[in-house]
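Dear colleague,

Please find the structure below, followed by a short account of what was found in it.

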Amino acid sequence: MMAEPDEAPAEAALQSAGLAYRVVRHRPARSLAEAAALRGISPADIIKTLVVRRAADDFLFVLVPGDREIAWPKLRAHLGVSRLSMPDAAAAFEATGYERGTITPFGSRTAWPVIADATIAGRTISLGAGEPGATVLLDADAAVAALGADLADISDPA
């Protein structure tokens, strides 16, 4: 299905992957708890999509629940690398086509590899929808499969 002119690339990618999802639009939230309440889900089900740099022009997406944070030693060990970094907002936009706060692996400029924290399995999650004020709710297992994501223990409680 072709994207409508006002449709974000993320939604077109979700449709192309055949995923069932629901777009949720809401006002900006001032906290994780408020964002969860606006979406009708728990904070753990809000998934942060983080862009991580392995090397120049080599990125990956890391999916981490809102109530957790990347455990850098675990992520480096999982990837077999000694160094990772977070790009600035301009580099993240260049790599993905999305502004911070809207980033999602779906419809990214480049289909970077995806590593998802193992705790997301078996849940309905909220991911960025590629545009401000919008998120998508979908089945985590279906999203992981569609993205070819690697599930791994890569986070710690926040």
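How many bridges join strand 6 to strand 7? Five bridges join them, and the two strands run antiparallel. Strands here are DSSP E runs of at least two residues, helices are H or I runs of at least four, and both are numbered from the N terminus; two strands pair if DSSP finds at least two bridges between them.

This is a predicted model, in which local features need pLDDT of at least 70 and side-chain atom pairs count only at pLDDT 80 or more, while totals for chains, interfaces and linings use all residues. Residues are numbered from 1 along each chain as its sequence is written, and side-chain values use heavy atoms, leaving out hydrogens and water.

Within the pair, Gly128 stands opposite Thr135, and Leu127 has Val136 as its bridge partner. Five residues lie between the two strands of this hairpin, and Gly130 in the turn has a positive phi of about 85 degrees.

Three strands make up an open antiparallel sheet in the order 1-7-6. Strand 1 (21-25) and strand 6 are its edges, each pairing on one side only. Four of the five residues of strand 6 are buried (under 20% relative accessible area, with exposed over 50% and partly exposed in between; 1.4 Å probe, protein chains only).

Yours sincerely
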